[in-house]
Structures are given as C-alpha cells and as structure tokens.
Amino acid sequence: MQNNTHPLGNISLSVFLQEFWQQKPLLIRNAIENFKCPISADEMAGLACEPDVESRIILEHDGDHPWQCQHGPFDESLFSKLPETHWALLLQSCNVYIAKFAKLLDQFRFIPNWRVDDVMVSYAPFGGSVGPHTDNYDVFLLQAQGKRRWEISTHSYAEADFYPDLDLKILRSFKAEESWELEPGDMLYLPPGVAHHGIALNDCITISIGFRAPNEYELSTALLDEVLSQQTTKNDLDFYRDPNFPLQDNPGEISAWALRRINNMVNQTLSSRIQDSDWFGKYITETDESTETLESKQVSNMTQQQCFQMLEQGQQLVRNECSKLAFFRNGEDRIHFFCNGSVAYYPIDLLDLIRLVCNNRYPSIASLIKVLDNNERQLFLCNLINLGHFYFEKDCNDSD
Ligand code: SIN
Ligand code: CO
C-alpha cells in the first residue's frame, strides 16, 4: 500500500501503526477530500426493510423503555411513525450490498483483510445517537453527511458503570474528555475501549469501518473444533502415561503431580495444532450462511480462454464481497490458500497471482495478464471465477 493512497491525512502509515493503532484516538480533518455520501437516508430506510440486511433502530426516549433497540427487517410504514429527533438507524455490512462501500473499504487495506469486519452505516436526525458506550474493536468513524459531535473519554470503565437491563450497553457516568464536530470527509479513529458518544447535530450519516478481533474464547473454540473434527484412529493417539509415579497417601486424591502431566499433555496437543496455520486460516475466512447464499448466485461456467479474453478486453475482475480469501506462506515452497473456510495448497510460483487475488478486491487487469502466463495460473483464476469468488464488473448491477 502506497503511503499517499491512505485516508490518514498528514500522518504516515508507519507513524499511525506505531503510535495510534490500538493505542490512542486520532482525528483526521478532511481525511477524504470532496467526500460524497454514497447513500441517502431513503435508500437506508429501503435497505432496512430487506430481510438479508442486518438493521437496527435505536430510540432514545420514544420506545417502551429508554434506549430501546428494535431489530429489522422493518415495515416501510414504521419510518413515518418515528419521532422527529433522538433516534438512529444502523445498517451492518453495507460493503456486502453496495459496491461504493466495498471500494471505500479498499482504502483501509493497510490493515490486513482478515482484521476487517464490516462497514456499518448509521443515519440519525438531530439528537440521534446510540448512547455513550465502549467497543472491543478498532473503528474509523467517517462523517458522510451532516454534522455529528463526537465526545470521547479514555477513562477505563467497569461493568458497574453501565446501566443494567437495557437493550444496549450504555454508560451512565460518561464524562467527555474531548469533543469534536465532524463534517463530511472528517474521520475519527478510535482504538478498542475508548468510550465514545456521537450525537447528530442535524440529518447525519456516519460510516463506521469496523475491525474484527476474535476473543480468546472464540479462538480456543475454533482450535478445539479443528482438533475434534480430525479423523483419528486409536492407534494415532497418545494415551496418558505416568512412569515414576510418586507413591501417594490418598488413593482418593488427584495429585498436583498427575494434574501437571495431564495439563502438559493437553497443552502439547494444542500447541502442535497451533504450529499449523490451517485451523486459523480456515476459521478466519469462514463466512456465514446468508453470505454463502449470495455467493451461489454468481456461479458461472467459463473456460480459461474466455476468462483470459475478457481480461485482455479490459474487463475489470471484482472479488465477490462475500468471499474471504487469505494466504499463508509455508516456508520457501508452499502456499496455503484459504477461501471461505477451506484450505488448498499450491506451489510458490503461484504466489504473485495468489497475492493479487487475496490483496485486492479489484486486482489490476495489467498485473493479472502479466502473471497469467501459464496453464496452471489460468486454471486457478478460472476456478475462482466459476465458483463465484470473482466476477467481471459488467455482471454487477451496482458497480460504482
Ligand atoms: C454511530 O454511527 O452512531 C455509532 C457508531 C459507533 O459508535 O461505533
Ligand atoms: Co461505538
């Protein structure tokens, strides 16, 4: 990623990563020059009525209780019944449904793709907000339309600082340390744990580029699932052994000595799995069911020649936003290629091509043509197209 293509203003990528990422907030005025909001409030209301789109409406005062959160899909008629002020509409994963948001996400590729979660878009009239809260993940809050005041606090809050029994985790004792009014194109970066409260000052649309940070429970579950899914016969397994067993007084006791051996055995089993990249690559590229459904609509049956010709004609190839791809370099000679929860192995001479398809949602046509100089590489790309992981832009209704 070139330093001059990022939306971080005067801060270089290396300074951002060393001094701000995961550490402290950063306000970037005019992060994206002449920024035009890619969506209108009406379009957002339309999407909130679609069953595939995850949507929420938050009512600060006018619900059955304060900060009521309702989940979509919503009926169109609801929008005319909403109060004038103090509510917010939130749409998750807009990068999946709207190409402009997917392209926006491409400006944040200085963080690896596997760390990116989604693009959430919120609309709020005057006073609307989701309340003061903290998040467990990093977020870039890009002001897209209207004005929003962001108040933040780096104080560390405990469970007791949140209201009990609300639909949302809202801080009751939030005291702003700093605040800024953001206008279209301005952006605020927040690391995990920094409390924030964004209040709409007029009709306001904010885009949140949110990152994914699996927690220790999710990671251990994924690792254990992988261990359990392996076909093993009893002959492959190590069984507990205890030579030099120290004589113990109480046969009813589980001794500390035995427990240490048991824990060592389990730790060794798990750490041998951790050495293997595949469980993590498969886990982190897994997609949920609804995105797989979208993906299946794109499947085609092209030949290698047809794919290559389309590229030569200058047709842009686009990665399906529902497809999660990543690669791991295993030493000097093998690549582990992860695609929506599965793994395949390729020789290192596919590295340039694999890099192109994994790094970029819109890989450069010229670079693709350059690397597609043998049958194996052409076949690799053609398979990705036929399985729906890539499509030619003209096939897409919503290309810009
Ligand atoms: C919003 O867009 O109103 C909320 C975003 C956030 O707090 O993370
Ligand atoms: Co937040």
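Reply: Helix axes are lines fitted to C-alpha atoms over the stretch in contact, and angles run from 0 to 180 degrees between N-to-C directions. Helices (H or I, at least four residues) are DSSP runs, numbered from the N terminus. This is a predicted model, in which local features need pLDDT of at least 70 and side-chain atom pairs count only at pLDDT 80 or more, while totals for chains, interfaces and linings use all residues. Residues are numbered from 1 along each chain as its sequence is written, ligands are numbered from 1 in the order in which they are written, and side-chain values use heavy atoms, without hydrogens and water.

Me: At what angle do α11 and α13 pack?

Reply: Helix α11 (residues 351–359) packs against helix α13 (residues 375–386) at about 20°, and their axes are 10 Å apart. That makes the two helices α11 and α13 roughly parallel, a label for angles under 35 degrees.

Me: And which residues meet there?

Reply: From α11, L353, I354 and V357 meet R377, F380, L381 and L384 of α13, where contact means heavy atoms within 4.5 Å.

Me: Switching to the metal, what coordinates the cobalt ion?

Reply: The cobalt ion (ligand 2) is coordinated by H133 (NE2), D135 (OD) and H196 (NE2), at 2.0 to 2.1 Å. Donors here are N, O and S atoms within 2.8 Å of the metal (3.2 Å for Na, K and Ca), and sites may look incomplete, as water is not among the atoms.

Me: Is H133 buried or exposed?

Reply: H133 is buried, as is D135, with buried meaning under 20% relative accessible area (1.4 Å probe, protein chains only) and exposed over 50%.

Me: What about the chain overall, how much of it is buried?

Reply: Of its 400 residues, 44% count as buried.

Conventions: Angles under 35 degrees count as roughly parallel, over 145 as roughly antiparallel, 65 to 115 as roughly perpendicular and the rest as oblique.
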